[in-house]
Amino acid sequence: MTKIKICLITGTRPELIKVSVLLKLMKKDPQIQLTFIHSGQHYDELMFGSFLRDLNLPNPDYNIEVGSLPNSVQTGKMLISLNDIIYRIVPDLILAQGDTNTVLAAALTSFKNNIPFGHIEAGIRSFDMRMPEEINRVLTGSCALLNFAPTQLSVNNLIDNGILPNRIFLVGNPIVDAVHENIEIANKKSKIDQNLEIESGKKFVLLTMHRPSNVDNRENLKNIIETLLQNKEILYIFPAHPRTVKNIKKFNLYEEIQTSKNIRMIEPVNYFDMLKLMNLSSFILTDSGGLQEEAVILKKPCITLRENTERPESIEVGANILVGTDMQKLKSVSTNLWTNKVFYKSMIPHENPFGDGNSSKKMIQIIKDAHQKGKLQIPFIEFKNTIPHCKLIDTSSLDEDLITVSDFEKEKSCIILEIFDYEGNSIFPSPNLEITKKMKLKARFI
């Protein structure tokens, strides 16, 4: 059997963590020939090198070493370098995870070279176009042949953006795979609590900040730090991102933090140390998207220093509260979580909306099925009997009482894009779904 030539591209620490299980499974799969490329968007030892070793991952076959540059320059440099590598490899499929400049560059390189692209964690949306990540998500989804969505809400977002249903696959979020595989290892292997001299059972809050809206803005960063310093009874363990530390010093906040008794700012930690800190913490205060997910998986309440989030599922299950720049709300919620046991218990999630920990296996099987059926290729529509057009169909006019989506598409020569029930709720048009006379169909006739 001919091996499937897959190119997996990463650029940052969160991407590396989320694809770690997938990378290892593909590396040992006899049906897959894997090329691993790292863009170097995260490049130093603490942000990348230690994670390869901790997660027992192979070194990249190629490292572009793009480094830290302005968004447009960084993306452009990656496009040039990736194009040269892809031209030599000519893979059957290119994969990337998330919403960084690396992911956008991977998607555009695939698209411009007529190579199928698979987007891992597709369809998440903050609906905040001020965020560079948001435009990356939208553009990447449009380029992808295989959109691997982590949740049903992500599926709905993709459909709303006009992505064809046969290019959308609900697989769960691979962060669940990574946490399930590594949490016990982290609890046994990591000595971070001993190194930081955290007494057994001592309460603390895990704090992380890295977003420009928080750490590049003098007023916002100053307000956050001063609010935390006012909560003297709460101990914050603060693994600080290099850029965050740079701005803390630039804005003259460093000495105040260093001399405080309740904020312990430390260097970035490796993955196992971070997992253990999350697991031992009372709750998590962050502006990270990934930590919002991991908080839910580890059943930890989370306060998010943002006005919006692309992980609204964490809010739906009651485990996450957005405080944005409202410092009174930050202080109130933090104090409540620290002192009020009833309130704290109400924020411990009872379900995990991000999947069952098998998303990596599901993605590999979907790729294999597509390759075997000859569907791992850029899609197109031939103009035959009609010019492709969309129409909304009221099913009350149908002759059949029940017909599946697949049979309807064959009979009417169309692609069903979306289905609405009698209340107007959107239903994903899976092939075996039965169409009833109380539905409305949005279809593209071909």
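Biologist: With which residues is Thr10 in contact, leaving aside its neighbours within four places in sequence?

Modeller: This is a predicted model, in which local features need pLDDT of at least 70 and side-chain atom pairs count only at pLDDT 80 or more, while totals for chains, interfaces and linings use all residues. Residues are numbered from 1 along each chain as its sequence is written, and side-chain values use heavy atoms, with hydrogens and water left out. Thr10 lies in strand β1 (residues 4-10); strands (E, at least two residues) and helices (H or I, at least four) are DSSP runs numbered from the N terminus. Contact means heavy atoms within 4.5 Å, and beyond those neighbours Thr10 is in contact with Glu15, Leu16, Val19, Phe36, Ile37, His38, Ser39 and Thr102.

Biologist: Which side chain makes a polar contact with the side chain of Thr10?

Modeller: Thr10 counts as buried because its relative accessible area is 0%; buried means under 20%, exposed over 50% and partly exposed in between (1.4 Å probe, protein chains only). A polar contact is a pair of N or O atoms within 3.5 Å; within protein, one must be able to donate a hydrogen and the other to accept it, and residues adjacent in sequence count only if both atoms are side-chain atoms. At 3.0 Å, the partner of the Thr10 side chain is the side chain of His38.

Biologist: What distance separates the side chains of Ser190 and Asp273 in their polar contact?

Modeller: Ser190 sits in the loop between α8 (174-189) and α9 (192-195), and it is buried because its relative accessibility is 2%. Beyond four places in sequence, its contacts are Ile185, Phe272, Asp273 and Lys276. With Asp273, the side chain of Ser190 makes a polar contact of 2.5 Å.

Biologist: How many residues apart in sequence are the parts that Glu293 and Lys18 tie together?

Modeller: The side chains of Glu293 and Lys18 meet in a salt bridge, 2.6 Å from N to O; such a bridge is a side-chain nitrogen of Lys or Arg within 4 Å of a carboxyl oxygen of Asp or Glu. Glu293 lies in helix α15 (residues 289-297) and Lys18 in helix α1 (residues 13-18), so the sequence separation of the parts they tie together is 275 residues.

Biologist: Which residue forms a salt bridge with Arg311?

Modeller: The closest N and O atoms of this bridge are 3.4 Å apart. Arg311 lies in the loop between β12 (302-304) and α16 (313-316) and its partner in the loop between β5 (117-120) and α6 (132-143), so the pair ties together parts 190 residues apart in sequence.

Biologist: Is Phe127 buried or exposed?

Modeller: Phe127 also has a place in the loop between β5 and α6. Its phi is near 60°, a positive value in a residue other than glycine. Because its relative accessible area is 63%, Phe127 is exposed.

Biologist: Which residue is joined to Lys368 by a polar contact between side chains?

Modeller: Lys368 is found in helix α19 and is buried, because its relative accessible area is 16%. Beyond four places in sequence, its contacts are Ile4, Asp29 and Gln31. At 2.7 Å, the side chain of Lys368 is joined to that of Asp29.

Biologist: Which element gives the most to the lining of the second largest pocket?

Modeller: On a 1 Å grid over the protein atoms alone, a pocket is an open set of points where a 1.4 Å probe fits, with protein on both sides within 12 Å along at least five of seven lines, and lining residues have an atom within 4 Å of a point. The second largest pocket is lined by 40 residues: 23 nonpolar, seven polar and 10 charged (Ala, Val, Leu, Ile, Met, Phe, Trp, Tyr, Cys and Pro count as nonpolar, Asp, Glu, Lys and Arg as charged, and the others, Gly among them, as polar). Elements that each supply at least two residues include α7 (152-160) and β16 (414-420). With five residues, the element that gives the most is α19.
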